[in-house]
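The exercises below are meant to be worked with the sequence and the coordinates side by side.

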Amino acid sequence: MTALNLVYVLAFIDFIGVNASRVVLQLFALDLRASPTEVGLLIALYYVCPLLLSCPAGLLSDRYGPRRPLLFSAVCGSLGMVIPYFIHTLPALYVAGMLSGMSFAFFLVIVQNLVGVLSIPEKRASAFSNFSLFGATSNFIGPLVAGLSVDHLDHPVSCLVAGVFTLICGIVVLIYGGVLPGGSRQRAPRAPIGETLADPAVMRILAIGALVQLGTDLFQFYIPVYGVGIGLSASAIGALLSTFAVASFIIRFTLPQLIKRWGEAKLLAYSFYLAALGFALVPLFTSGLMLALVSFIFGLGTGCGQPIATMLMFSRAADGRSGEALGLRLTLNNLVRVIAPATFGFIVSAFGLPPVFYINAVMMGAGGLVSRAGKPKR
């Protein structure tokens, strides 16, 4: 097995567990009669560790190689999903979310960096596109695993099912991790963070990535809340999220060709406008079939945003510091992930769900304008 293929396998397995764990914990909290604000806090806590640890994880990967951080990620993710099996309370779910988030913090920045490191520049767009396809496929499978587990088993056992995927990742790293590259002690001089953020191109990349992440997470967060409110089953809610993933897979499959035809700026603008349309349509329907169509439209919109932002950020990183650069991008993304769920949870508690979807539609439209404001290099 080549190193790049191993990265794809690890990403596929782990992302299934990540997507399943988020949905299971959210449905578990709703089953415990948690309020929208409390569920928002749960999702926010999931991203506290990625917010704090993405940059350190990237630095460790650059310096010492990916194997030990990946094993640490597997231990944290498995342990986190065991806790709710024994303790059926909201505080236990909060702890599980934080440990799962710590696992995700190390895993994501490392595998994204490995895709860039292990691919030659001429094939890097295809490598990131292939990586995103595995992510989209796992986005389809993960919610289905969560919904079917909750419906046919129960919430505590479903937590164990989600945790098994992370455990499998750790076993795969133990067996095949020797093919992964080591760390590099020869690193470019470290630029002050203010100097990095003063680069308009970097700021545009960070803003685009954060907006795509915000829209994607809030859609995946509020679709289950909306679905429970209109009486959909856990399996139906999982199917809606999986429909979103199918659309993401389709758009990412054609990503290299779309970039070649339209360029990053125009493609990102179109994707934001489709995402805005998806958000605006959700409150208008209570039919599962129509919501699946809306979810598909939204997936077409946001499916290409993160791969493009990741490629652009990797291309601007200094030699030996790509993990740190990607860690910076993920830090900002996770800052948004920590703040947004709790903030919008308060809005839902005060005004109901529809304003949240309309506010996000406006933000996605603004993202389209930001994308057209500059023309990133191909």
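**Exercise 1.** Is the crossing of α3 and α5 left-handed or right-handed? Describe the contact as well.

*Solution.* The model is a predicted one, and the work begins with the two axes. Helix α3 (residues 48–64) and helix α5 (residues 90–118) have axes that come within 8 Å and cross at roughly 40°. The crossing of these two helices is right-handed. On the α3 side the contact involves residues including Val 48, Pro 50, Leu 53, Ala 57 and Asp 62, while α5 contributes, among them, Met 98, Phe 104, Phe 106, Val 109 and Asn 113. Sorted by class, the contact of α3 with α5 holds 13 nonpolar, five polar and one charged residues.

**Exercise 2.** Determine how α10 is oriented relative to α11, and list the residues through which they meet.

*Solution.* The axes of helix α10 (residues 234–253) and helix α11 (residues 255–281) come within 5 Å, crossing at roughly 60°. Because of this angle, α10 is oblique to α11. From α10, the residues Ile 251, Arg 252 and Phe 253 meet Leu 255, Pro 256, Gln 257 and Leu 258 of α11. The contact of α10 with α11 comprises five nonpolar residues, one polar and one charged.

**Exercise 3.** Examine helix α9, taking its packing against α12 and then the setting of Gln 213.

*Solution.* Helix α9 (residues 200–229) packs with helix α12 (residues 288–302) at an angle of about 165°, their axes being 11 Å apart. An angle over 145 degrees counts as roughly antiparallel, and α9 and α12 are therefore roughly antiparallel to each other. The crossing of α9 past α12 is left-handed. Val 212, Gly 215, Thr 216, Phe 219 and Tyr 226 of α9 make this contact with Leu 291, Ser 295, Phe 298 and Thr 302 of α12. Among the residues of the contact of α9 with α12, five are nonpolar, four are polar and none is charged.

Gln 213 also lies in α9. Its relative accessible area is 10%, so Gln 213 is buried. Leaving out residues up to four places away in sequence, Gln 213 touches Gln 306, Asn 333 and Arg 337.

**Exercise 4.** Which residues in the largest nonpolar core touch the most other members?

*Solution.* Of the 105 residues in this core, the two that touch the most other members are Tyr 222 and Ile 308. Helix α1 (residues 3–31) supplies the largest share of the core, 18 residues. Beyond its neighbours within four places in sequence, Tyr 222 is in contact with Pro 341, Phe 344, Gly 345, Val 348, Leu 353, Val 356 and Phe 357.

Key:
Residues are numbered from 1 along each chain as its sequence is written. This is a predicted model: local features need pLDDT of at least 70, side-chain atom pairs count only at pLDDT 80 or more; totals for chains, interfaces and linings use all residues. Side-chain values use heavy atoms; hydrogens and water are left out. Axes are lines fitted to C-alpha atoms, for helices over the stretch in contact, and angles run from 0 to 180 degrees between N-to-C directions. Helices (H or I, at least four residues) and strands (E, at least two) are DSSP runs, numbered from the N terminus. Angles under 35 degrees count as roughly parallel, over 145 as roughly antiparallel, 65 to 115 as roughly perpendicular and the rest as oblique. Contact means heavy atoms within 4.5 Å. Ala, Val, Leu, Ile, Met, Phe, Trp, Tyr, Cys and Pro count as nonpolar, Asp, Glu, Lys and Arg as charged, and the others, Gly among them, as polar. A nonpolar core is a set of buried Ala, Val, Leu, Ile, Met, Phe, Trp, Tyr and Cys residues joined through side-chain atoms within 4.5 Å. Buried means under 20% relative accessible area, exposed over 50%, partly exposed in between (1.4 Å probe, protein chains only). A crossing is left-handed if the near helix is turned anticlockwise from the far one by less than a right angle, and right-handed if clockwise.
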